[in-house]
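Please keep the sequence and the model in view while reading.

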Amino acid sequence: MSAKSLVEEMKRGLDAPICLTWELTYACNLQCVHCLSSSGQRDERELSTEEAKKILDDLRDLQVFYINIGGGEPMVRRDFFELLEYSVANGIGVKFSTNGAFIDEEKAQRLAAMDYLDIQISLDGVDAATNDAVRGEGSYDMAIRAMENLKAANFGQFKISVVVTRHNVSQLDQFKALADHYGAQLRITRLRPAGRGADTWHELHPTNAQQREIYNWLLKHGENVLTGDSFFHLNALGESLPGLNMCGAGRVVCLIDPIGDVYACPFVIHDEFKAGNVRDEGGFAKVWKQSDLFLSLREPQSAGACASCGAFDACQGGCMAAKFFTGLPLDGPDPECVGGDADEALSIISRGSEPKPSMDHSKPVTLTRKKLSVSASH
Amino acid sequence: MTVALESVLEIHPQVAVRPETFGALAYHYGNRRLIFLKHPDVVTVVQSLNSHPDVQSTLSACGVAPERWPSFVAALSSLETSEVVRERQIAS
């Protein structure tokens, strides 16, 4: 079977997700300006430890091999280690994303002693000024301290996870050097206009010239750098980047949010892309296998306005979430279409009329945060 | 190692196999790699390896016609490279 027909199979959906993100909590010690889930404050409807374990039981029965845990900051949950251990004991590997605030020497040693565990430390700049403008004051030092602690505890190869913005594209080589220094693996992903990111996307997303820079850099380093296959829209520039060239939402990917709602992917926390809730009868398995939303996403999708474009096979029209939250039609070009085919449509959408995320767990605005948002938009 | 009809193989103990309509997905918990088994017959063979003395007897037992054996040996070689299967360890 050729790679292409395998992609066609995957578009029809798998029996269980291969990339399941589970955000454990909306609580977070940080307030990043591009947070996909608008996190900050805990939601009182948050799943209990017992409910969380029930989900892990279901995922084990579905033979989900591993999960990506995020938040919010997942380590703020008191039962974080309990859930981690329960998951791994049930044959579900865990990769979790953290800002590193809670990885002190003792926690680093505890994490290093566990099997089937990957850690991603989020970092959006190789210096405090670049990073903290997006992730908040002190967050650079926080991440570096966590990396030092993991290194000292001989954790092994953790990951440094970077959201690529206009302000850090020029630092890609330095990020790679930083990762090499810690014996870590670099992961770079695409900035999405989701959550609070919807408010900052216009100022932070890479320019078209920078997109070409990212593409060329990935062609050169792609085999050693993880991307979550998030840059497939750049394939329209030429040779395909390594990875799966398709939108996996509802087909091979999904998100479980802290209150048990299941969304098509981590970038579309909006009622329109909500498939159900794990608390409903039948639990997660029923949502994955039978929800109307996921079944419709597994039907052949229209290329719409992109149908006549020669690059459609290469870029697949890009990211559904990016289109949705910038107010573009889902069957048209991605807002960052490298051919510029979305530019005109984007220019006539009045700012503020785009769909808004259904929930916002941001902390009340403080003067500090206002200041940071402004400094991030230079 | 080169896989041949007389090779003695087993599923790698760190690999889990999940059936899918196109065949199966295999996940290696050690190297974190996801591998696609793109034909249901290959899945059957891989899952039967541990119950038979060698590759040839596994293929026979799974009802694979001899003219298809070379392509199955090739498939098993590539799966050996990606550590989905390995030479059977005496202790196991």
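B:Arg32 counts as partly exposed, because 13 C-beta neighbours lie inside 10 Å, and a residue is called partly exposed when its count falls between the limit for exposed, 12 or fewer, and that for buried, 20 or more. The model in which this residue is described is a predicted one. B:Arg32 lies in the loop between β3 and β4 of chain B. Its backbone deserves attention: although B:Arg32 is not a glycine, its phi is positive, at about 65 degrees. In general, most residues other than glycine have a negative phi.

With 16 other C-beta atoms within 10 Å, B:Glu83 is partly exposed.

The strands on either side of the loop that holds B:Arg32 belong to an open sheet of three strands in chain B, ordered β2-β3-β4 and paired in the antiparallel sense. Because β2 (15-20) and β4 (33-37) of chain B each have a single partner strand, they stand at the edges, and one side of each is left without a neighbour in the sheet. From one strand to the next, the twist averages 20 degrees. Between β3 (residues 23-28) of chain B and β4(B), the antiparallel pairing extends over five bridges. B:Leu25 has B:Phe36 of β4(B) as its bridge partner.

Chain A presents a backbone feature of another kind. The peptide bond between A:Gly71 and A:Gly72 is cis, with omega at about 20 degrees. In general, most peptide bonds are trans. A:Gly72 is placed in the loop between β2 (66-70) and α3 (80-89) of chain A.

Helix packing can also be followed in chain A. The axes of α2 (residues 49-61) and α10 (residues 283-290) of chain A come within 8 Å and cross at roughly 50 degrees. α2(A) is therefore oblique to α10(A). On α2(A), the contact is made by A:Ile55, A:Asp58 and A:Leu59, and on α10(A) by A:Gly283, A:Phe284 and A:Ala285. By class, the residues of this contact between α2(A) and α10(A) comprise four nonpolar, one polar and one charged.

Finally, the two chains may be considered together. Twelve residues of chain A and eleven residues of chain B take part in the contact. The side of chain A that touches chain B consists of seven nonpolar, three polar and two charged residues.

How values were computed:
Residues numbered from 1 in each chain as written. Chains lettered and ligands numbered in written order. Predicted model: local features only at pLDDT ≥ 70, side-chain atom pairs only at ≥ 80, totals over all residues. Contact = placed C-beta atoms within 7 Å. Nonpolar A, V, L, I, M, F, W, Y, C, P; charged D, E, K, R; others polar. Pairing = 2+ DSSP bridges. Helix = DSSP H or I, 4+ residues; strand = E, 2+ residues; numbered from the N terminus. Axes fitted to C-alpha atoms, helices over the stretch in contact; angles between N-to-C directions. Parallel < 35°, antiparallel > 145°, perpendicular 65-115°, else oblique.
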